[in-house]
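Biologist: Could you take me through this structure, beginning with the strand pairing?

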Amino acid sequence: MDISFRRATAADAPDVATVYISSRRAAAEWLPTVGTDDEIRAFVIHQMVPERETWIAEDNGRVVALLTLHGDDLDQFYVAPDNQRRGIGDAMLAHAKRLRPAGLHLWAFQRNTPARRFYEARGFVAKKFTDGATNMEREADVLYEWTP
Ligand SMILES: CC(C)(COP(=O)(O)OP(=O)(O)OC[C@H]1O[C@@H](n2cnc3c(N)ncnc32)[C@H](O)[C@@H]1OP(=O)(O)O)[C@@H](O)C(=O)NCCC(=O)NCCS
């Protein structure tokens with residue numbers, strides 16, 4: 001495995017969108033989605049990549065994961081389905097911690113058990129549970145915090 005991390009450029013945005021959509025679709029059971037694939041693709045290409053601090057993981061030049069940071073929030077985090085459980089998420093989360101050494105926050109859906117287990121094994125602590133009334137998906141979620 002030869003994984004490297006760099007900031008996404010406009011030229012990467014279509015590949016970033018493909019990873020985002022495929023990862024989300026594969027996790028559909030615990031990641032409810034608002035919007036069609038075309039709407040998500042437009043969001044990634046025209047808003048997320050240009051406006052957010054978007055990082056990608058590449059394996060031999062292929063985009064295999066993405067992560068966005070906004071202040072100390074880890075907003076988006078997706079590994080391509082065929083590249084999960086290879087340690088890429090772990091390496092990318094470690095990269096995010098190096099970028100934000102003072103600490104990180106993130107929201108996860110309560111029923112996203114695999115992601116919650118992943119975060120909790122890497123030092124994230126649940127701080128607040130909501131019924132989802134204020135998120136787009138209207139899905140109960142949990143705020144996690146990591147401090148070094
Ligand atoms: C959650 C997510 C980002 C983790 O990324 P990942 O690349 O699969 O993470 P890793 O491979 O580093 O670790 C995942 C698990 O596989 C295990 N693993 C790592 N390498 C492995 C290997 N070679 N063989 C078997 N298992 C392995 C890890 O120990 C880890 O187990 P744990 O969750 O019990 O700690 C990814 O699964 C994902 O994109 N999920 C869908 C989207 C999502 O839910 N995003 C988070 C929204 S809040």
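Biologist: Which residue is the bridge partner of S4 in β2?

Modeller: The partner of S4 in β2 is E58. This is a predicted model, in which local features need pLDDT of at least 70 and side-chain atom pairs count only at pLDDT 80 or more, while totals for chains, interfaces and linings use all residues. Residues are numbered from 1 along each chain as its sequence is written.

Biologist: How many bridges pair β1 and β2, and in which sense?

Modeller: Strand β1 (residues 3-7) pairs with β2 over five bridges, in the antiparallel sense. Strands here are DSSP runs of E with at least two residues, helices are runs of H or I with at least four, and both are numbered from the N terminus. Two strands pair if DSSP finds at least two bridges between them.

Biologist: And what of β2 and β3?

Modeller: Those two are also antiparallel, with seven bridges. E53 stands opposite L69 in β3. In their hairpin, two residues lie between the strands, and N60 has a positive phi near 50 degrees.

Biologist: What stands opposite L69 in β4?

Modeller: L74 does. Strand β3 (residues 62-70) and β4 run antiparallel, joined by six bridges. They form a hairpin with two residues between them, and G71 in the turn has a positive phi of about 60 degrees.

Biologist: Is β4 largely enclosed or open?

Modeller: Five of the seven residues of β4 (residues 73-79) are buried, so the strand is largely enclosed by the rest of the structure. A residue is buried if 20 or more other C-beta atoms, placed from the backbone, lie within 10 Å of its own; 12 or fewer makes it exposed, and anything in between partly exposed.

Biologist: Turning to helix α1, which residues are buried?

Modeller: They are A13, V16, A17, V19, Y20 and S23. Down the axis of α1, they fall within an arc of 165 degrees, so they line one face of the helix; the arc is that of the directions from the helix axis to the C-beta atoms.

Biologist: What do they pack against?

Modeller: The buried residues of α1 pack against α2 (37-51), β2 (53-59), β3 and β4. Contact requires C-beta atoms, placed from the backbone, within 7 Å.

Biologist: Now the ligand: how many residues surround it?

Modeller: The ligand is surrounded by 20 residues, the closest being V79, Q84, G89, D90 and F118. A residue counts as near if its C-beta atom, placed from the backbone, lies within 6 Å.

Biologist: Which elements give two or more residues to that shell?

Modeller: They are β4, α3 (88-99) and α4 (113-120). The most come from α4, which gives four residues.

Technical notes:
Two residues are in contact if their C-beta atoms, placed from the backbone, lie within 7 Å.
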